[in-house]
Amino acid sequence: MKAVALPFLAFAMLTQSAVAAPGLVEPDLRLPANPDGKSGAPRVALTLDACSGATDMRILGTLIENHIPATIFVTARWLKRNGLVVEVMKAHPDLFEIEDHGAMHVPPIDVKVSVYGLAAAGSEAAVAAEVDGGATAIKAHGLPAPHWFRGATAKYTHSSMSQIRAMGYRIAGYSVNGDGGSLLGAAVAEKRIRAAKDGVRLNDIPDEMTVGATN
């Protein structure tokens, strides 16, 4: 189990300020408390979404310099643009775990809706293509096959969540959205991040842990 004292801002986080389409669900993830109780140092699960842009090397450098482990959810689009960064992450397997954020950063929703301005996949076949496309790109870069999936916008239908789980993935939620999709100022983001509760890194969660969904 890897312990982290404090999380940092993501490469690209999920927007929460807009109103999503009705009838969608957003999973959240509840992590076990420190077994040492209040006497133990606080720990958090740091997860970052790498959607399609360039990497902020200040963030990556901070994680490496301070030996802060993180789970990075990457898209195929991001991998194509950030090959050298992937090699840096591969050189630090004790710090970085790479998981699936989809192929083209399309919301994995099997009905035709728009979420935060992004058109959803719109069908079961398109959801499968988004999930499989991300996993294929991860493996093509010499990384282990992903076991977790977090889609663009982190919104799903109950049926698309069931489909993704049937494909062999666990769906990753989160409990603190650090920077509000990069819309928050530094002071507000820091306040949110410091409010994170005790827990563990995402992929250290036991298999029996469940991921719930909220409307």
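Student: Where is Gly 53 placed?
Tutor: Gly 53 is in the loop between strand 2 (47–50) and helix 1 (57–65). Helices (H or I, at least four residues) and strands (E, at least two) are DSSP runs, numbered from the N terminus. This is a predicted model: local features need pLDDT of at least 70, side-chain atom pairs count only at pLDDT 80 or more, and totals for chains, interfaces and linings use all residues. Residues are numbered from 1 along each chain as its sequence is written, and side-chain values use heavy atoms, with hydrogens and water left out.

Student: Why does Gly 53 count as partly exposed?
Tutor: Because its relative accessibility is 30%. Buried means under 20% relative accessible area, exposed over 50%, partly exposed in between (1.4 Å probe, protein chains only).

Student: What is Gly 53 in contact with, leaving aside neighbours within four places in sequence?
Tutor: Trp 78, Arg 81 and Asn 82. Contact means heavy atoms within 4.5 Å.

Student: And which residues does Trp 78 contact, with that exclusion?
Tutor: Ala 50, Cys 51, Ser 52, Gly 53, Thr 55, Val 85, Val 86 and Met 89.

Student: Switching to strand 2. Is Asp 49 buried or exposed?
Tutor: Buried, because its relative accessible area is 1%. Asp 49 is found in strand 2. Its side chain makes a polar contact of 2.7 Å with that of Arg 150. Such a contact is a pair of N or O atoms within 3.5 Å; within protein, one must be able to donate a hydrogen and the other to accept it, and residues adjacent in sequence count only if both atoms are side-chain atoms.

Student: In what sense do strand 2 and strand 3 pair?
Tutor: Parallel, over 4 bridges, with strand 3 at residues 70–74. Pairing takes at least two DSSP bridges between the strands. Thr 47 stands opposite Thr 71 in strand 3.

Student: New topic. Which residues touch the most other members of the largest nonpolar core?
Tutor: Leu 63, Ile 72, Val 74, Trp 78, Met 89 and Phe 96, out of 24 residues. A nonpolar core is a set of buried Ala, Val, Leu, Ile, Met, Phe, Trp, Tyr and Cys residues joined through side-chain atoms within 4.5 Å.

Student: Which element gives the most to this core?
Tutor: Helix 1, with 4 residues.
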